[in-house]
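I want to look up a few contacts and see how exposed their residues are.

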Amino acid sequence: MTLALLPPLLAGCVVARPVEGPVRLGQMAAVNGPRVRADRVIEDSRCPVGVQCVRAGRLIVRVTVFGGGWSRVMDLGLGTPVVVADGRLTLVAATRRPYRFTFDFQGGL
């Protein structure tokens, strides 16, 4: 194989790095130790912006959490901490259209 063919072959091997800020569905977030991928929205019954609702509604997102050699699929509710490894993982913020998610991890992992 010639070196000229190497760059096009390697172009398909790019690995997405986790980001710290808000992430899209399918994007990996670095969260003070573990990595979290938002896989899909299970429920979003929150009030639309600018509308007064009697009930606040809720947001539940299915995520995959990756630690050093393990992974775990779980559902996170907005603002509700869940025990993961030696800490607590929380979905702390989410926007719509397009969905963007912010996670926080408090612990020692």
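I searched the whole structure for disulfides, meaning pairs of cysteine sulfur atoms within 2.5 Å, and found 1. Cys 47 and Cys 53 form it, with their sulfur atoms 1.4 Å apart.

A note on what I am reading: this is a predicted model, where local features need pLDDT of at least 70, side-chain atom pairs count only at pLDDT 80 or more, and totals for chains, interfaces and linings use all residues. Residues are numbered from 1 along each chain as its sequence is written, and side-chain values use heavy atoms, with hydrogens and water left out.

Next I checked exposure, where buried is under 20% relative accessible area, exposed is over 50%, and partly exposed is in between (1.4 Å probe, protein chains only). Cys 47 comes out partly exposed at 22%, and Cys 53 is partly exposed at 34%.

Then I looked up Val 49. I found this residue in the loop between strand S2 (35–44) and strand S3 (59–66); strands here are DSSP runs of E, at least two residues, numbered from the N terminus. Val 49 is exposed, at 87% relative accessibility.

Last, aromatic rings. I paired rings of Phe, Tyr and Trp (its six-membered ring) with centres within 6.5 Å, calling planes under 30 degrees apart stacked, over 60 edge-to-face and the rest tilted. That gave me 1 aromatic pair. Tyr 99 and Phe 101 have ring centres 5.7 Å apart and planes at 10°, so I logged the pair as stacked. Tyr 99 is partly exposed at 24%, whereas Phe 101 is buried at 0%.

Methods: Helices (H or I, at least four residues) and strands (E, at least two) are DSSP runs, numbered from the N terminus.
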